[in-house]
Every structure is written in C-alpha cells, then in structure tokens.
Amino acid sequence: MKKEKSDIQTSRETKKTDIQKIKETIEEIRPFLNMEGGDVDFIKYDEESKTVYVKMLGACAMCIAQDETLEIGLLEAIKEKVPEVENIINTPL
C-alpha cells in the first residue's frame, strides 16, 4: 500500500517533535554534567532503531561512570518524554 503525502508529513512532524523533546531533555540534564566539568551534544535520533546518538564531552568523555550517566541519567530521562526510545549510544571521540 502506498503511503499518502499526509502520512509522510505526519511521520516527519512526529519525528521532529521527538527530536525536540530529546534535545529539551538533554538541556535539562546539561547543568548537572557541567557541574562536574562535562557536557553532552545531541548528534541524531534514528527512529527506525529507536536509538539516540550523543557525544560525551569534557570530563564526561573520559569518565569511568559514563555508561551509568548514559543509561541511568540520559536514557531514563529521555524515555520519560519519548517512550519509544530504547537505546542511547555515545559516538566515538
């Protein structure tokens, strides 16, 4: 079955809204990372794999607790606003 233009537009609008929610969540978490000398940048959201890609910066880039920050901090906060998200991946330096 062929997708209608309105279906495609709705999908794009939903994705944009999800990305906005993800970025807003990162902005909410950022001050806590900054207090420890770290930071995080949003790279992209892959709707198909339900994965958020970020880049940990500063102290966070080399921190031994990086995985916990990603999984317990960022991922859980993002899932509260975008429940479809299943994974978060830190892109390599």
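A search of the whole structure, a predicted model, identifies 4 salt bridges, each defined by a side-chain nitrogen of Lys or Arg within 4 Å of a carboxyl oxygen of Asp or Glu. Local features require pLDDT of at least 70 and side-chain atom pairs count only at pLDDT 80 or more, whereas totals for chains, interfaces and linings use all residues. Residues are numbered from 1 along each chain as its sequence is written, and side-chain values use heavy atoms, with hydrogens and water left out.

Arg30 forms a salt bridge with Glu27, with 2.7 Å between the closest N and O atoms. Both residues lie in helix 1 (residues 5-35), 3 residues apart; helices (H or I, at least four residues) and strands (E, at least two) are DSSP runs, numbered from the N terminus. Arg30 is buried at 15% relative accessibility, while Glu27 is partly exposed at 46% (buried, under 20% relative accessible area; exposed, over 50%; partly exposed, in between; 1.4 Å probe, protein chains only). Glu27, Arg30 and Asp39 are linked in a network of salt bridges.

A salt bridge also joins Lys81 to Glu28, the closest N and O atoms being 2.5 Å apart. This pair links distant parts of the chain, Lys81 in helix 3 and Glu28 in helix 1, 53 residues apart. Lys81 is partly exposed at 28% relative accessibility, as is Glu28 at 45%.

Within helix 3 (residues 66-81) lies Leu74, which is buried with a relative accessible area of 0%. Beyond its neighbours within four places in sequence, Leu74 is in contact (heavy atoms within 4.5 Å) with Ile26, Ile29, Val40, Met56, Thr69 and Ile88.
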